[in-house]
Amino acid sequence: MSSLAGRLRRVFTATPLATTKIPAKTTAPLQATSETPAKTIKRLSFNNSTLKEVVEQFKESSDSKRFRSRAKLYEKAVLKLATAKKFSFIEDILEHQKQYKEISTEVFAVRLITLYGKAGMLEHAHKLFDEMPKLNCERTVMSFNALLSACVNAKKFDKIAGFFQELPASLGIVPDVVLHNITVHAFCEMGSLDSALSVLDEMEKIGLEPDSITFNTLLYAFYHKGSYADGEKIWDLMKKKECCS
């Protein structure tokens with residue numbers, strides 16, 4: 001664990017983030033139908049006034065459990081707002097979700113952490129992770145993996161090393177295959193393929209077997225770089241581990 005965290009710390013670098021405030025405004029809620037939300041998402045490309053209106057509609061529509069279950073709709077809204085660099089609107093929507101009872105379930109909290117990560121708002125993802133106990137929400141390796149994925153999505157790779165080294169032991173979290181796959185992905189994103197490959201050794205040391213996702217991530221990275229000989233070695237190891245059909 002410590003040697004892998006050390007490599008992460010040496011390899012990764014960070015990127016900045018900015019947020020602003022938005023005024024409150026009361027508007028009619030969206031109906032949880034298959035048509036209205038989609039039309040509303042399209043309106044997110046309009047001017048600032050329209051964006052504010054849609055955000056308020058989105059928040060009021062969140063009172064509907066059926067609406068809250070529509071994960072893809074939330075993702076589309078967040079990605080549209082992130083593209084427009086309206087980070088305070090994203091914060092307004094996602095922080096609003098904490099009032100609902102689902103926030104005490106790890107799956108729902110992970111959804112919000114993931115959305116913050118996809119918006120490049122790692123600080124907010126980390127803040128929510130830290131708040132989970134106060135929200136009566138258990139933290140397991142699933143939410144920790146979501147935090148690491150948020151680092152990758154936000155391109156803030158330097159944060160992974162600190163989280164990877166400090167949090168699992170302090171929280172009693174046992175790293176799983178998913179956690180190591182995220183680490184492999186992070187190394188590959190930064191072009192540190194030797195370090196990505198070394199994760200296989202780390203997994204073996206703690207008795208974890210790489211899966212098809214581990215190998216496919218490595219294969220793509222090596223072939224994309226043009227390292228075909230190394231890619232063939234990974235392919236042979238993949239067949240040996242019976243991770244391909």
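Me: What does the secondary structure of the chain come to, in helices and strands?
Reply: In this predicted model, the secondary structure of the chain comes to 14 helices and 0 strands, so that reading from the N terminus the elements run α-α-α-α-α-α-α-α-α-α-α-α-α-α.

Me: And how much of the chain is buried?
Reply: Of the 245 residues in the chain, 48% are buried. The accessible surface is about 12500 Å², and carbon and sulfur atoms account for 54% of that surface.

Me: What share of the contacts join residues at least 24 apart?
Reply: If you take contacts between residues at least 6 apart in sequence, 69% of them join residues that are at least 24 apart.

Me: Let's go to helix pairs. At what angle do α7 and α8 pack?
Reply: Helix α7, residues 106-118, packs on helix α8, residues 122-131, at an angle of about 160 degrees, and their axes are 7 Å apart. That angle makes α7 roughly antiparallel to α8, and the crossing in which α7 passes α8 is left-handed.

Me: Which residues of α7 and α8 meet there?
Reply: On the α7 side they are A109, L112, I113 and Y116, and these meet L122, H124, A125, L128 and F129 of α8. Sorted by class, this contact of α7 with α8 has 8 nonpolar residues, 1 polar residue and no charged residues.

Me: How do the axes of α5 and α7 cross?
Reply: The axes of α5 and α7 come within 9 Å of each other and cross at roughly 25 degrees, which makes α5 roughly parallel to α7. This crossing of α5 and α7 is right-handed.

Me: Which residues make the contact between α5 and α7?
Reply: From α5 the contact takes in A71, Y74, E75, V78 and L79, while α7 contributes R111, L115 and K118. By class, the contact of α5 with α7 has 5 nonpolar and 3 charged residues, with no polar ones.

Me: What about α6, is it mostly covered or mostly open?
Reply: Helix α6, which spans residues 87-96, is mostly covered, with 7 of its 10 residues buried. Those buried residues are F87, S88, F89, I90, D92, I93 and L94.

Me: What covers the buried residues of α6?
Reply: The cover includes α3 (48-61), α5 (71-83) and α7.

Me: What does N145 touch?
Reply: Not counting residues up to four places away in sequence, N145 touches D176, V178, L179 and I182.

Me: Which residues of α13 meet α14?
Reply: S212, F215, N216, L218, L219, F222 and Y223 of α13 meet Y228, D230, G231, E232, I234, W235, L237 and M238 of α14. By class, the residues of this contact divide into 10 nonpolar, 3 polar and 2 charged.

Me: And E209, where does that lie, and what is it in contact with?
Reply: E209 lies in the loop between α12 (193-205) and α13. Leaving aside its neighbours within four places in sequence, E209 is in contact with V177, M203 and K241.

Me: What separates the C-alpha atoms of E209 and C243?
Reply: E209 and C243 are 34 residues apart along the chain, and their C-alpha atoms are separated by 9.9 Å.

Notes:
Residues are numbered from 1 along each chain as its sequence is written. This is a predicted model: local features need pLDDT of at least 70, side-chain atom pairs count only at pLDDT 80 or more; totals for chains, interfaces and linings use all residues. Side-chain values use heavy atoms; hydrogens and water are left out. Helices (H or I, at least four residues) and strands (E, at least two) are DSSP runs, numbered from the N terminus. Buried means under 20% relative accessible area, exposed over 50%, partly exposed in between (1.4 Å probe, protein chains only). Contact means heavy atoms within 4.5 Å. Accessible areas come from the Shrake-Rupley method with a 1.4 Å probe; for residues, only the protein chains shown count as cover. Axes are lines fitted to C-alpha atoms, for helices over the stretch in contact, and angles run from 0 to 180 degrees between N-to-C directions. Angles under 35 degrees count as roughly parallel, over 145 as roughly antiparallel, 65 to 115 as roughly perpendicular and the rest as oblique. A crossing is left-handed if the near helix is turned anticlockwise from the far one by less than a right angle, and right-handed if clockwise. Ala, Val, Leu, Ile, Met, Phe, Trp, Tyr, Cys and Pro count as nonpolar, Asp, Glu, Lys and Arg as charged, and the others, Gly among them, as polar.
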